Amino acid sequence: MFTLALPPSLAVAQAPPVANPAATETGVIDYAAWETEAARAENLIDAATASTSFLENLRATLVVWRARFMASQNANAARIATIQRQIDALGPIPAEGETEPPAIAERRVALAAQLASAQVPRVTAVEAFNRANGLISELDAIAAERKARALLERDLAPVNPLNWPPALAGLADIVLAIPQEIVARIETHRSSGQSFWDRLPFAALLSLIGLFLVLRSRFFVGRWTDQLQRQDGARRGRGVLAFAISLLQVLFPILGLMLLGVAIASLDLSGEVGLALLGAGVSALVSVYLALWLAGRLFPANLELEAAFGVAAALRLPLRRATLLAGLFLGLGEVAETIAAQDVVPEAARGVIVLPVYVGLAMAFLWLTRLLRLHRQNMLDAADEGDGGFATRMMRIFVLSVRLVAILGTALAAAGYLNLAEAVMRPTGLTLGLFGLLVVVQGPIRDIYALLSGQTQDEARQALLPVLINLLLVVAALPLLALIWGMRADQLSETISRFFEGFDLGGTRITPAIILAVVLVFAIGMVATRILQSALRSTVLPRTKLDVGARNAVVSGIGYVGIALAAVIAITTAGIDLTALGVVLGALSVGIGFGLQNVVNNFVSGIILLIERPISEGDWIEVGPTMGIVKSISVRSTVIETFDRTDVIVPNADLIAGTVTNWTRGNTIGRVILTVGVAYGTDTRRVETILHEIARSHPDVARFPEPGVDFMGFGADSLEFRMRVILRDINKLAAVRTELNHRIAERFVAEGVEIPFAQRDIWLRNPEALMARGTPPDASVAKPRRRTPKKDEAAS
């Protein structure tokens, strides 16, 4: 691992402690001390000779000062607001040439002086805040410049064979240094009278326990988790328990490594080199065990369990091995850097020692991406889309990025840019591990949701809440991702602080806490509105004389009013002055008037429909060519369900401006008109009586007003009658009309009443004209044809 530091000749001997300028007895800022600290910081920045650690401590001190100034910017805020309201109460300042009463003028001057005095602490704090913030920015710029310079430093090229002998000599010195340290420590203990054998039993016991945990704990925990996962289908919740227990596959080996470290430390035989290598070795083994656990959870060996991304069974074992190889070389990178940092190893040997690790890590990356490419090809083969969709496109970008990092990192390391290679390859490996961890936790979160909600696994996969929780986990992992890619902890802390400080809107500082308060107040208002609507719909309104449409209009209107009130109350709770947004809303109204006039027109029409209620839900209406039942009425449109069971969305403006026929408005009574013709010579009085009897006999025909039968006149082929009946329920129009036609046909047959049909005779004046076309000579008269518009028709 490389560090950012200047040469000792340019470094200051001792870094200053972080001061606490906010700790005063009275709570008043000591601006004299701040002036001294600021001047000192400016001198150090101008000199640019202090070490990086010194500047980091100085930056931490300035951050404390800046936080103090930030808090003081709201000093006397209540007092300033009160004085300002007093000044506003005096009215506007008189125009030039006008005067005001002396008492008011004197009071205005006094209040202006009080306001200026009250604003002094705020103005001073703002000025000091800007100065501290500027100094911190300059320190950050110096740190960024030094980091960039360190990244671009070039070591001796490890591919040069001239650099190999010093590296081999350094490694040999490391191997010889460890036994020499052990012998020296034994001699030290012997000279001081300490006995090595007295500590050996305790160290041996810890070593045995540690070795068991390191070597065998994963086997027993793995068998336990496999058994629980097999029972997950039969007993709900076993999968979550199996995931929790699987974490012991990492915790137990780490505990074993810690016990081994304690055992070795208790013997007190290792020197500086041995302890450094011991720490690096433990870190490497932790990386290996984490990779083993992650590979087992992503690509389980049990084929009954689902693998990440739906990986095929044939690719699971290679993917586990590639993941383990990447974790192994990530850990070995720490060991290699530790070896290269020892004093006995020459500087020229660093690249030779570190390059094989980067080559191995690059091979692991390439192996992993090759397997993922095979999986992507399987996804493309199984997909209906041409490119496989979003998942395959993102996987393609991911594979290309990792392959580029592997090739570029290896080339940089071979050329001697070891710091730059490390800054590229190591964060990539850690990012892959973090991404894999986020994928692994998706399953347990979904299982917990299914367990708590009582849903099945398939239903939980389609639920929204687990997706939102996983999204929150991704957002929570962003700070860790920033640290992985080189962001300093103080920079991250400052970024988070800036985020929680919020931004100014309408003279009010909007923070995440205020946004959360707005959301909670609005949610409470929404819930209260829904409760009120439910109570009115189910309890209050049914006991009134309002019809169903009026009830729905009242409930909808209360819903809109409740949402508007909830929004206003939530915004005012946050302290946002709505009058400050008046200018913005006024400007937006112009755009609304031109660009959204149709939307506004439909919205206003929807309000009119809900108030006037010319139509209601359940009404049978006819709008232009559309006829059906009103299904729902919203503020923008109305949904009509036709008799073909299709939904037609009609803009509300069409219902207000156009002609609407409401068949069931107010009541369901309607009229049916049927026409029928009888042959000439039929007794018309008898036909009228028969039609009256048929109409009165139908149960859906109203008795009052009585059905009517009209003798309309003498038609071309028949005597024409019209039957007029009133239905109790117009919704039965089609059924009643059909039934009445059936009864008319049956009764006329029984009574011998003939219903004529049109008959025409066609005379051919020149039949010889058709003989040439194969018409028989005696075909002078054609058969009766269907009715034509004219009574006689001759063919020439």
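Contact, in what follows, means heavy atoms within 4.5 Å. The structure is a predicted model, in which local features need pLDDT of at least 70 and side-chain atom pairs count only at pLDDT 80 or more, while totals for chains, interfaces and linings use all residues. Residues are numbered from 1 along each chain as its sequence is written, and side-chain values use heavy atoms, with hydrogens and water left out.

I begin with His692, which lies in helix H22, residues 684-697; helices here are DSSP runs (H or I, at least four residues), numbered from the N terminus. Leaving aside residues up to four places away in sequence, His692 touches Pro707, Gly708 and Val709.

Next, helix H1. Which residues of H1 are buried? They are Trp34, Glu37, Ala38, Ala41, Leu44 and Ile45. These cover an arc of only 125° around the axis, which puts them on the same side of H1; the arc is that of the directions from the helix axis to the C-beta atoms. They pack against helix H2 (52-72) and helix H4 (102-151). The face turned away from the buried side carries the exposed residues Ala32, Thr36, Asn43 and Asp46.

Finally, helix H10 (residues 313-340) packs with helix H13 (residues 418-453) at an angle of about 145°, their axes 10 Å apart. Axes are lines fitted to C-alpha atoms, for helices over the stretch in contact, and angles run from 0 to 180 degrees between N-to-C directions. H10 contributes Leu330, Glu334 and Glu337 to the contact, and H13 contributes Glu422, Arg426, Gly429 and Leu430.

Key
Helices (H or I, at least four residues) and strands (E, at least two) are DSSP runs, numbered from the N terminus. Buried means under 20% relative accessible area, exposed over 50%, partly exposed in between (1.4 Å probe, protein chains only).
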